[in-house]
Amino acid sequence: MESVTWRLLLSMVPLLLYLLFIVYFDYNSPKPTTSGCSLFPHDHFWIASKRIVTPHEIISGAVEINGGSIISLVKEKDWQGQVKNEPVIDYGEAVLMPGLIDVHAHLDDPGRAEWEGFPSGTKAAAAGGITTLIDMPLNNFPSTVSEETLKLKKEATKGRIYVNVGFWGGLVPENAFNASILEGLLNAGALGLKSFMCPSGINDFPMTDATHIKEGLSVLAKYKRPLLVHAEKQQELELEDGVDDPRSYSTYLKTRPASWEETAIRELLTVAKDTRIGGPAEGAHVHIVHLSDSRSSLELIKEAKNNGDSVTVETCPHYLAFSAEEIPDGDTRFKCSPPIRDASNKDKLWEALMGGDIDMLSSDHSPSAPELKLFEEGDFLRAWGGISSLQFVLPVTWSHGLRYGVTLEKLVSWWSEKPAKLAGQDLKGEIAIGKHADIVVWEPEKEFDLDENHTVHVKHPSISAYMGSRLAGKVVATFVNGNLVFDDGKHAPNACVPVLVFVWAVLIKNEPVIDYGEAVLMPGLIDVKGEWEGFPSGTKAAAAAGGITTLIDMPLNSFPSTVSEETLKLKVDESNIYFYYLGFWEGLVPENAFNASISRRSPKRRCSWSQGIHDFPTTDATHIKEGLSVLAKYKRPLLVHAEKQQELELADGGDDPRSYSTYLKTRPVSWPSYLAFSAEEIPDGDTRFKCSPPIHDASNKEKLWEALMGGDIDMLSSDHSPSAPELKLFEEGDFLRAWGGRDCNGEACGYCSLGTGKGFDLDENHTVHVKHQHIGVHGFKACLATFVNGNLVFDDEKHAPDACGCGLLPTVVHNHQDDAAKDFHFSDGYEATISALVKGKNRRTTELQLRRTAEQQQAATMQQVTVVNSGAPKPATSI
């Protein structure tokens, strides 16, 4: 009995092991984060390949995707160690490229969805590796020429598109002279405008001429968006009855000669010159679609580019794959406009494309209902024109391009990078960190026959001129915004892709928007040189009202001077509740110059050649040499106040100490000086202008501007150096005894991070945030608002109630070629500083954050700084 029991138990072991395996596998497998939108429903995962085309090289490695974006990109030797529990799809030798961006397609929806429609068109795009389509404003009904008609099209996309879809609006005579209609169309999300210079064949999309185009460009200039132009100009032509057979392609070719393109482009370029820098339409851009003529028309475009016109041009795969000589009589699948020309023209198009004179490619996918192609009659003159091509453009370009030397990098340039720029989609077009995870996986070497056995997803495969071709380059998979929408012949069950909008609104859903109109948005200024004010008023004045978002504080004028780890800690402790972004230079003085153990624990260094602060004495070349030897290990800079004191004698009774010229004698020409003032205009006794080195004459100021504009002077700083007012000796007006240093009043120290160019008077009616405003001297631009770490800290003359800034520490400059640089260490001094800045938080977490930041930095000659903070930036209290 006992043996039977044991046999029964043993017989159940395989079943038990199997059940345990199932439980373990289910527990450790990543759980889906989406439903129906992806064939691989995970939010965070990796895709690997031996051939990943990045902006700089083709690598073997892996791409990490999270939340629809690329968050890391690593080479093969590194990536396997970085994968934790995220799933990995390894595509082996298949190529990973940015998804194709087709800026010229007709999906005919709404109104003519029987021609194509959003579902079949975007499925075909996904099957062809196209991740973004920009739909043309005609062939749908009604044509997209107003805000209202654009809304109809956007409504028609809901739940029906498998790839990103954006829209061009139409420029037609009825809206060309009405700026409010065009602005409404652009504000509603049109990425730009499209016009025809010949009859379009669509009744509600009439042709335009140069006068319409000029008006359109003036509106587009405000939005910095392009005008796409079908450049053919109709001319009178006569065909001979009985001689010119309408079934012959040569007959159709006669009706649209290359001169049509040349004439239209010549007229177009008379207004395209307005897009030059300084022109009335600067900011607008002209893009010539589907160029067919590789001779005189192309030469005109090249000349316009050389003249500075903002012009680009595309051609299409059908002009590069076919030639007029090989098109059979009656085969109206090949009819398009402009027409496919002869083989010699095709070769010259390839030459121009490979040489960069043609900027990019597009499909000009333009299908119709099959009956409109008039296959039975084969009449090229009456059949509807347009090539159906959406699913095939990648293999067609590759297959026909091989004989011309096409490369993977060229494909990415023509089909991804440049189209992304044209459409204003800065987050697309590259496999790079921070970009959208729009990726095509394909096998360039794999050949296939495009016949009835090949699955085609366009609505009417029979009308495509490519059917019957043998091509190389099979698309394996397509990712759109991180979703696997096409894989091994299957599509994701649901169409979940939102409509594409102009670039700044790409990620806007229900979030609030602050529109600053014509005001300039700039990166916040970084002031590397500021002294003596107090952290609250100084950061309010400079970091907020002045548009300065980062300050690096000098080591002197505070007390004690910052010349050691201990004095640095005093400054950090004093600053930690007041600053916005604040970092520190530390002093190089004789007492620490020859002591590397003091130096190694200190931040970047600054030394002085001149006396003024008793605990910050002058240094000479021997001290500097020692300091540089320590700084070399840390790859950090030495800032030097470069004046060498000389013996000078003033004439008693002849040199008036109230005269600025007397002070100027005591500190002769030195570099650098200042850009706003000259010695000749400084009033006697006005010691607000005293600084060292001194402000020199007007001629010197002009030369400084010349050097700055020419790049010989590298950067600007405020040298904000105020003092207590009594030290300026205003009553005596004695330049020789008054304390030197200019108070820049925050907004007067530099340019604003967000300004209008509006002049203002810096007087008692202007709000000034420095502690001693009456020692300041000037003001030029009006700052509207300043954001620090995403917080609106200054707006309309008000500051945020609380000071919630972050301290700065050095990071390691990481050269990816140097594996040793991956070892990131903190000295004891840095650890102490981190502890002071990150109160009560886990220092190890901060160290890891800094390590990750450091490894993402590009190699540079000057050490950069990064924010030390415990976690994500917190919003400041609302103003």
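**Close-up views of strand pairing**

**View 1. Thr-478 stands opposite Phe-486 in strand E17.** This model is predicted: local features need pLDDT of at least 70, side-chain atom pairs count only at pLDDT 80 or more, and totals for chains, interfaces and linings use all residues. Residues are numbered from 1 along each chain as its sequence is written, and side-chain values use heavy atoms, with hydrogens and water left out. Strands (E, at least two residues) are DSSP runs, numbered from the N terminus. Strands E16 and E17 (residues 483-487) pair in the antiparallel sense over 4 bridges. Two strands count as paired if DSSP finds at least two bridges between them.

**View 2. E16 and E17 form a hairpin.** There are 2 residues between the strands. Asn-481, in the turn, has a positive phi of about 55°.

**View 3. Strand E15 (residues 439-449) runs antiparallel to E16.** The two are joined by 8 bridges. Ile-439 stands opposite Phe-479 in E16. Strand E16 (residues 470-480) is largely enclosed by the rest of the structure, because 9 of its 11 residues are buried. Buried means under 20% relative accessible area (1.4 Å probe, protein chains only).

**View 4. An open sheet of 6 strands shows parallel pairing.** The strand order is E9-E10-E11-E12-E13-E14. Strand E9 (169-170) and strand E14 (360-361) are the edge strands, and each pairs on one side only. Strands of a sheet pair through backbone hydrogen bonds, either parallel or antiparallel.

**View 5. E9 meets strand E10 (residues 193-196) in parallel.** They are joined by 2 bridges. Gly-169 has Leu-193 in E10 as its bridge partner.

Key. Buried means under 20% relative accessible area, exposed over 50%, partly exposed in between (1.4 Å probe, protein chains only).
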